[in-house]
Amino acid sequence: MTRLAGQVVCITGASSGIGAACARTFAREGSRLLLAARRLERLEALESELRAAGAAGIRSVALDVRDREAVIETFESLDAPWRDIDVLVNNAGLSRGLDPLHRGLHSDWEEMLDTNVKGLLWVDRVVVPGMVERKRGTVIHIGSIAGRQVYPGGNVYCASKHAVRALTDGLRLDVNGSGVRVMSVDPGMVDTEFSEVRFHGDRDKAGKVYRGMQPLSGDDVAEVVRFAASLPEHVVLAETLLLPTDQASATTVHRKG
Ligand code: NDP
Ligand code: 8X3
């Protein structure tokens, strides 16, 4: 039995990429999985695999984290054991576009800020009070190297991830003394659906992002999230920058050929 066996682990954005990899990883730990994303059919398609891997229970919920009322209603209507969340992996997020700021789309900016900043906040706001009351719990924000560095065309996405970094530090200060742990895992390039979403479904453009280099996989990130969550309760892995070996900064990437 591991420390995470039987714990309620909530993962937002579990229908793809890093979130789905976290679901698989925590399933192997014997955790109870509370999975959220807009594409409920994707979550449901994962369930049998997660059960076979060892999940102690699964609850999948359709949720758009941008919808504040829906976030409150979804979490407040959970019954036992799901309402007592032990680990929150606040991961749902996206990038839209790589345009220079002066040519950017207002709709792209709104979608990123509403999801990556406000959506993350709505989820923290409804989940953390229960953790404080129970005097235990772990919040892991999925930030990004984009929360530490800015690159051309990254403008609003980078701003949203800088905000996540500030909110991670801010929450840790605010819950200090409550027993709740607040951490962030900030990856560099990870091969998920992220680039396809960034380029509005253009797979050719998305494929070129990882050409000639080996990016991280969702599993690589999930392993660090699992490690962070499994540390003894008096230990906080406050922040982690996780890069592929081929990447040295947001813009320094070694490519073969
Ligand atoms: P994916 O596109 O593969 O996954 C994104 C997940 O977020 C999906 O499950 C999607 O589910 C969910 N999501 C997006 N918008 C919403 C919403 N409004 N409400 C609920 N869920 C939503 O990308 P990644 O796995 O790469 O991204 C996960 C996180 O990792 C993001 O926060 C991203 O910024 C961050 N990140 C990614 C990196 C990368 O290079 N891939 C690097 C650093 C950080 P659905 O569409 O079903 O709602
Ligand atoms: C995703 C990584 O470098 O595309 O957060 O911003 S990057």
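Visitor: How many residues surround ligand 1, and which are the closest?
Guide: This is a predicted model. A residue counts as near when one of its heavy atoms lies within 4 Å. By that cut-off 30 residues surround ligand 1, and the closest are Ser 15, Ser 16, Arg 38, Tyr 157 and Thr 192.

Visitor: Which helices each supply at least two residues of the shell around ligand 1?
Guide: By class, that shell has 13 nonpolar, eleven polar and six charged residues. The helices that each give at least two residues to the shell are helix 1 (17-28), helix 5 (155-174) and helix 6 (194-198).

Visitor: What share of ligand 1 does the protein bury?
Guide: An oxygen atom of ligand 1 lies 2.8 Å from a side-chain N or O atom of Ser 15, and for Arg 39 the distance is also 2.8 Å. For Tyr 157 it is 2.7 Å. Taken alone, ligand 1 exposes 880 Å², and the share of this that the protein buries is 96%.

Visitor: Where does ligand 1 sit?
Guide: The place to look at is a pocket. Ligand 2 takes up space in the largest pocket, and ligand 1 sits in the largest pocket.

Visitor: What share of ligand 2 does the protein bury?
Guide: The residues around ligand 2 include Ser 144, Tyr 151, Tyr 157 and Arg 198. A polar side-chain atom of Tyr 151 is 2.5 Å from an oxygen atom of ligand 2, and one of Tyr 157 is 2.6 Å from an oxygen atom of ligand 2. Ligand 2 taken alone exposes 240 Å², of which the protein buries 86%.

Definitions and conventions. Residues numbered from 1 in each chain as written. Chains lettered and ligands numbered in written order. Predicted model: local features only at pLDDT ≥ 70, side-chain atom pairs only at ≥ 80, totals over all residues. Heavy atoms only, no water. Polar contact = N/O pair within 3.5 Å; in protein donor to acceptor, adjacent residues only side chain to side chain. Areas by Shrake-Rupley, 256 points an atom, 1.4 Å probe, with all protein chains shown as cover. 1 Å grid on protein atoms, 1.4 Å probe; cavity = no way out; pocket = protein on both sides within 12 Å on 5 of 7 lines; lining within 4 Å. Sits in = over half its atoms within 2 Å of the grid points. Helix = DSSP H or I, 4+ residues; strand = E, 2+ residues; numbered from the N terminus. Nonpolar A, V, L, I, M, F, W, Y, C, P; charged D, E, K, R; others polar.
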